[in-house]
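Have the structure open as you read.

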Amino acid sequence: MIKQANPRPNDKVLDAIKRVIDSGRYVKGPESVKLEEGFKSVSGCEYNYTVSSGTSALNLLLKALDYPIGSEIIVPVNTFLATANAVELSNYTSVFVDVDDSMNMDPDKIEEAITDKTKAIIIVHLYGTPADMDKIMAVAQKHNLDVIEDACQAHGAEYHGKKIGSIGRVAAFSLFPTKNFTVLGDGGMVSTTDRELGIRIAKMRNAGRDKHPDDADEFGFNFRLSEVSAAVGNALLPDFEAQTKRRQEVAALYTKGLEGVGDLILPKVLHNTVPVWHQYTIRTEKRDELKAFLAENEIQSSIKYSLPLHLVKAFQNKYHIPEGTYPVGEKICKTLLCLPMHPFLTDEEVETVISTIKKFYT
Ligand SMILES: Cc1ncc(COP(=O)(O)O)c(C=O)c1O
């Protein structure tokens, strides 16, 4: 079976876990501090805060930004649920914007979604493909909006020489097992270049406290990452660069092998960006048949995501946005397929995926 994703420990992970057990320090310890320091090279941000998941990262940063209740936050219609759940649970309002052929938010459709209640744009770099940040930052600056980067799928990606996560005001990363960089469990990171916001986030992840054990000058959550998880992250971080490179090699093989095959639409990458290929997502009118054919041939694939957010029940119940409102995103959800993508794929396995897809079309 060729796996779609394949999170794996390395030979340093067990020692790292033992180190924490021997120390007896399970939260708020040196492993988290070390991971935050090491993550600077991933996020390009000076201030990084370990948290319990990418979802916690989004909830935390949205609460820390402290917009008035009912503020409108612009969100791409194609993303994981967590992006807009965090908006809703912070008592803001999600305003969806359609994506374009890159499968990221269409920058030309943002302006029409802005009202006098809009406070921020959440940009998702879906599948590890950088969104069109120059255009997005220009619209945000014109309307005095914050840009929040949902970089949960985009560890180490670059846009015009800048790390994804360091372009907007603040970013969320997920360290979930299948992600490009992981703690082999739930985990996340909030990254920012804004020192004041960072200080607030650090307190709010820890019941609002700074140094005093009982006194706090903010309301807060417990969104801390465990020391065991942070130690796993520290053991895996040295492999991250080589693993990203391998994902890029796999993507290049797919692109070369699948160009012009059947009705396939291959992923689009903007000029002067470095994608990190969390997913290699193709599109075809025959998606369900192709998925079944791959499965018959022992090849896993997945559909991330099958519903645009406005058609998810919870958002339907609140916003009643009819089908057809975001045609590009809706079409993508019906035609997308994520091929096997992880750093342990061999060239031979990639060739098998390519030849099986070609066979499907003959
Ligand atoms: C785009 C996006 N946002 C947010 C999240 C939430 O991250 P987590 O699963 O770590 O809570 C994910 C994870 O799947 C994601 O892909």
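A word on terms: a residue is buried if 20 or more other C-beta atoms lie within 10 Å of its own, exposed if 12 or fewer, and partly exposed in between, with C-beta atoms placed from the backbone. Helices (H or I, at least four residues) and strands (E, at least two) are DSSP runs, numbered from the N terminus. Among the buried residues of helix 7 are Glu227, Val228, Asn234 and Leu236. Its cover includes helix 1 (13-23), helix 2 (30-43), strand 1 (47-51) and helix 8 (240-258); here, two residues are in contact if their C-beta atoms, placed from the backbone, lie within 7 Å.

Please keep in mind that this is a predicted model: local features need pLDDT of at least 70, side-chain atom pairs count only at pLDDT 80 or more, and totals for chains, interfaces and linings use all residues. Residues are numbered from 1 along each chain as its sequence is written.

**Overall form**

The protein holds 12 helices and 12 strands. Its radius of gyration is 20 Å, close to the 21 Å that the globule rule gives for 362 residues, so the protein is as compact as a globular protein of that length. The radius is taken over C-alpha atoms, and the rule is 2.2 Å times the number of residues to the power 0.38. The C-alpha trace spans about 70 × 55 × 35 Å along its principal axes. Of the 362 residues, 47% count as buried. Among contacts with a separation of 6 or more, 70% are between residues 24 or more positions apart.

**Two domains**

The protein is divided into domain 1 (13-237) and domain 2 (239-361), with bounds that come from an automatic or database domain assignment. Their C-alpha centres lie 24 Å apart. Across the boundary, 34 residues of domain 1 are in contact with 28 residues of domain 2. On the domain 1 side, helix 4, strand 3 (93-97) and strand 6 (158-159) each supply at least two residues. That side has 17 nonpolar, 11 polar and six charged residues. In this scheme Ala, Val, Leu, Ile, Met, Phe, Trp, Tyr, Cys and Pro count as nonpolar, Asp, Glu, Lys and Arg as charged, and the others, Gly among them, as polar.

In helix 4, Ala82, Thr83, Ala84, Ala86 and Val87 are buried. The cover over these buried residues includes helix 3, strand 2 (72-76), strand 4 (118-124) and helix 10 (313-319).

**Core and ligand shell**

The largest nonpolar core has 96 residues, and Ala57, Leu60, Leu61, Ile121, Ile122, Ala172 and Val190 have the most contacts inside it. Helix 3 gives the largest share of this core, seven residues, and each of domain 1 and domain 2 contributes at least three. Such a core is a set of buried Ala, Val, Leu, Ile, Met, Phe, Trp, Tyr and Cys residues joined through C-beta atoms within 7 Å. Leaving aside neighbours within four places in sequence, Ile122 is in contact with Ile73, Ile74, Val75, Thr83, Ile148 and Asp150.

Around the ligand there are 15 residues, the closest being Ser53, Gly54, Thr55, Cys152 and Ser174. Helix 3 (54-65) and helix 4 (81-89) are the elements that give two or more residues to this shell. By class, the shell divides into five nonpolar, eight polar and two charged residues.

**Backbone details**

Most residues other than glycine have a negative phi, and most peptide bonds are trans.

| Residue | Phi |
|---|---|
| Asp66 | near 55° |
| Asn91 | near 65° |
| His320 | near 50° |

Asp66 lies in the loop between helix 3 and strand 2 and is partly exposed, with 13 other C-beta atoms within 10 Å. His320 sits in the loop between helix 10 and helix 11 (327-335) and is exposed, with 8 such atoms within 10 Å. Asn91 follows helix 4.

A cis peptide bond joins Lys304 and Tyr305, with omega about 10°. Tyr305 is in the loop between helix 9 (287-296) and helix 10.

How values were computed: A residue is near a molecule or strand if its C-beta atom, placed from the backbone, lies within 6 Å of it.
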